[in-house]
Amino acid sequence: MLYILAMTSKKIALIACVKEKKSVPCAVAEMYVSSEFKSWMDYAESWGASQIYILSGKYGLLELEEKIAPYDVNLNIASSQERKRWAHGVIEKLEDRTFLREDYFLVLANSNYSEYIIPHLKHYSMPLNID
């Protein structure tokens, strides 16, 4: 794995959103308030991620600085077709911001959030059992 990391451009973390959110609009980095989410953020930062993105059930791929309103959309109860459509939008945004075949991705998300994204990533790991 070290060889792969040395050959890739950037280390990118993709972190799933959580249900526990602030009740007012704010930056993505401040929106999710659960201890679980905070531990995933700490993990991504200690891993050395050069960029961290949030996988939001409503908004798709989010940067930490973006401002969003609270929402209640959960991909865990979405149909397979809805998740495929959602993942397509995430992949389009990732293609604009990363190199899917060169960058190394740390995926901190359950299978409902990751199953249609993973096939597009050449180098990735899913070190936590989040299902």
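## Close-up views of the predicted model

**View 1. Leu55 and its neighbours.** Leu55 is in contact (heavy atoms within 4.5 Å) with Leu14, Ile15, Ala16, Cys17, Gly60, Leu61, Trp86, Val90, Ala109, Tyr113 and Ile117, leaving out residues up to four places away in sequence. This is a predicted model, in which local features need pLDDT of at least 70, side-chain atom pairs count only at pLDDT 80 or more, and totals for chains, interfaces and linings use all residues. Residues are numbered from 1 along each chain as its sequence is written, and side-chain values use heavy atoms, without hydrogens and water.

**View 2. The largest nonpolar core.** This core holds 43 residues. A nonpolar core is a set of buried (under 20% relative accessible area, 1.4 Å probe, protein chains only) Ala, Val, Leu, Ile, Met, Phe, Trp, Tyr and Cys residues joined through side-chain atoms within 4.5 Å. Leu14, Ile15, Tyr32, Ile54, Leu55, Leu94 and Ile117 have the most contacts inside it. Strand E1 (11-16), helix H3 (35-47) and helix H4 (80-97) are among the elements that each supply at least two of its residues. Helices (H or I, at least four residues) and strands (E, at least two) are DSSP runs, numbered from the N terminus.

**View 3. The open sheet.** Five strands run in the order E4-E3-E1-E6-E7, with mixed pairing. Strands pair if DSSP finds at least two bridges between them. E4 and E7 (123-125) are at the edges with a single partner strand each, so one side of each lacks a neighbour in the sheet. E1 and E3 pair in the parallel sense over 5 bridges. Ala13 has Ile52 of E3 as its bridge partner.

**View 4. Helices across the sheet.** H3 lies across E1, E3 and E6, at about 175° to E1. Axes are lines fitted to C-alpha atoms, for helices over the stretch in contact, with angles from 0 to 180 degrees between N-to-C directions. H4 lies across E1, E3, E4 and E6, at about 40° to E4.

Notes:
Buried means under 20% relative accessible area, exposed over 50%, partly exposed in between (1.4 Å probe, protein chains only).
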